[in-house]
Amino acid sequence: MTATAPVAERPAKEPKQPKRQQRFNEGTGRLAATLLSPTMLVLALVVLFPIISALRESLFTSGDKLDANGFIVKGTTFVGLDNYAAIFKGDTGHRFWNAFYNTTFFTVICVVLETILGVAMALIMHKAFKGRGIVRASILVPWAIPTVISALLWKWIFQADGIANTLIGTQVLWSTEGWQSKASVILADTWKTAPFIGLLVLAGLQTIPAEVYEAAKVDGASVWKTFTRITLPLVKPALLVAVLFRILDTLRIFDLPFVLVGAHKDSVESLSMLAYDEAFNTRYGPAAAYATVLFVYVAVVAYAFVKLLGADVIGEARVKKPGGGGGKRWRKKQAVQGSGAGVGAVASGGGAL
């Protein structure tokens with residue numbers, strides 16, 4: 001008979017200790033609040049307080065008025081929403097809608113032209129060639145010039161005996177009412193601010209690895225397919241931020257048409273110019289109402305742009321879970337941003353490229 005050796009008992013597994021939940025460090029929270037308090041105080045003084053003051057001012061009207069008994073009443077009078085209602089009535093309403101149309105027209109035309117030229121400038125500045133530094137500096141010079149100085153420069157160009165009329169061989173009164181005043185503002189604004197979009201797009205182009213383009217070239221991708229399938233998707237975040245900034249800036253356009261063409265010109269009067277004119281004539285209540293309407297218009301456009309096109313202005317606040325509501329969009333974005341996935345997509349369709 002053979003004796004079997006006793007089998008040693010396996011040691012029982014120690015029970016896993018539950019993970020300790022990380023508690024919020026109150027000391028860190030206080031430190032963060034202390035460090036952020038100066039910034040929040042400055043923002044409250046320069047942003048929040050003026051907005052509240054403008055909203056309050058828009059509910060009042062100032063100046064001399066006659067009361068029900070025929071006596072003159074001086075000072076400010078609470079009128080509620082009358083200043084807003086008066087915006088859309090009679091001659092005031094006609095002037096408002098004209099300024100609203102001009103503001104929207106300049107925003108759409110200028111931003112489209114600036115985006116096309118800005119992307120072209122970025123592609124040129126991104127290439128390696130002799131004298132690239134000089135080309136980059138010359139392209140960025142218009143953006144460095146103050147807007148008022150740029151407007152004065154173009155005003156000199158568009159004079160009756162200026163360079164513009166000499167080049168086209170005819171006499172055009174650029175600063176009078178008509179299409180020519182709109183064209184002068186569009187040309188001057190595009191010349192000045194297209195380099196801004198080019199600069200931001202150039203920063204996005206420099207983050208794209210060179211191996212991506214090499215792989216696309218090996219797969220037989222054409223120049224156009226490389227641009228539409230690789231360059232544009234990977235540079236889209238920077239491009240959307242640049243376009244958003246230009247939209248917000250053009251919606252508030254004031255100094256360029258004011259200096260270049262002049263005030264009280266229906267062809268170029270914007271909402272900012274209209275609000276300035278009311279304030280200049282000491283009608284502070286209507287001026288605040290115009291400014292508030294413009295503020296709401298800009299906020300709505302910015303919100304719609306961010307929501308519809310997904311412009312990442314301040315960076316991703318959180319990473320969405322793949323199983324959540326934004327999972328598909330999150331995975332799609334990660335696939336586009338991954339250079340390997342982008343090259344694989346081009347390589348799989350190499351025959352059609």
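Contact means heavy atoms within 4.5 Å. The structure is a predicted model, in which local features need pLDDT of at least 70 and side-chain atom pairs count only at pLDDT 80 or more, while totals for chains, interfaces and linings use all residues. Residues are numbered from 1 along each chain as its sequence is written, and side-chain values use heavy atoms, with hydrogens and water left out.

**View A. Surroundings of aspartate 277.** Aspartate 277 belongs to helix H11; helices here are DSSP runs (H or I, at least four residues), numbered from the N terminus. Its neighbours within four places in sequence aside, aspartate 277 is in contact with Arg95, His264 and Arg283. Aspartate 277 counts as buried because its relative accessibility is 9% (buried is under 20% relative accessible area, exposed over 50%, partly exposed in between, with a 1.4 Å probe and protein chains only). The C-alpha atoms of aspartate 277 and histidine 264 are separated by 8.5 Å, and the two residues are 13 apart along the chain.

**View B. Two residues with positive phi.** Histidine 264 is not a glycine, yet its phi is positive, at about 60 degrees. Histidine 264 lies in the loop between helix H10 (255-260) and helix H11 (271-280). With a relative accessible area of 52%, histidine 264 is exposed. Threonine 282, also a residue other than glycine, has a positive phi near 60 degrees. The loop between H11 and helix H12 (284-309) holds threonine 282, which is partly exposed at 47% relative accessibility.

**View C. Aromatic pairs.** A pair of aromatic rings is described by the distance of the centres and the angle of the planes. Rings of Phe, Tyr and Trp (its six-membered ring) pair if their centres lie within 6.5 Å; planes under 30 degrees apart are stacked, over 60 edge-to-face and the rest tilted. The structure has 20 aromatic pairs. In one of them, tryptophan 174 and tryptophan 179 are edge-to-face, because their ring centres are 6.3 Å apart and their planes are at 75 degrees. Tryptophan 174 is buried, at 12% relative accessibility, whereas tryptophan 179 is exposed, at 61%. Phenylalanine 258 and tyrosine 276 have ring centres 5.4 Å apart and planes at 80 degrees, so this pair is edge-to-face. Phenylalanine 258 is in helix H10 and tyrosine 276 in helix H11, so the pair ties together parts 18 residues apart in sequence. Phenylalanine 258 is partly exposed, at 28% relative accessibility, and tyrosine 276 is partly exposed too, at 37%.

**View D. An aromatic cluster and a charge over a ring.** One aromatic cluster is formed by Phe88, Phe96, Trp97, Phe100, Tyr290 and Tyr297. Elsewhere, the charged end of arginine 56 sits over the ring of phenylalanine 60, at 4.6 Å from the ring centre. A charge sits over a ring if NZ of Lys or CZ of Arg is within 6 Å of the ring centre and within 35 degrees of the ring normal.

**View E. Packing of helices H8 and H9.** Helix H8 (residues 210-218) and helix H9 (residues 223-251) pack at about 150 degrees, with axes 11 Å apart. Axes are lines fitted to C-alpha atoms over the stretch in contact, and angles run from 0 to 180 degrees between N-to-C directions. Val212, Tyr213 and Ala216 of H8 make the contact with Thr226, Ile230 and Thr231 of H9. These contact residues divide into four nonpolar, two polar and no charged (Ala, Val, Leu, Ile, Met, Phe, Trp, Tyr, Cys and Pro count as nonpolar, Asp, Glu, Lys and Arg as charged, the others, Gly among them, as polar).

Technical notes
Helices (H or I, at least four residues) and strands (E, at least two) are DSSP runs, numbered from the N terminus.
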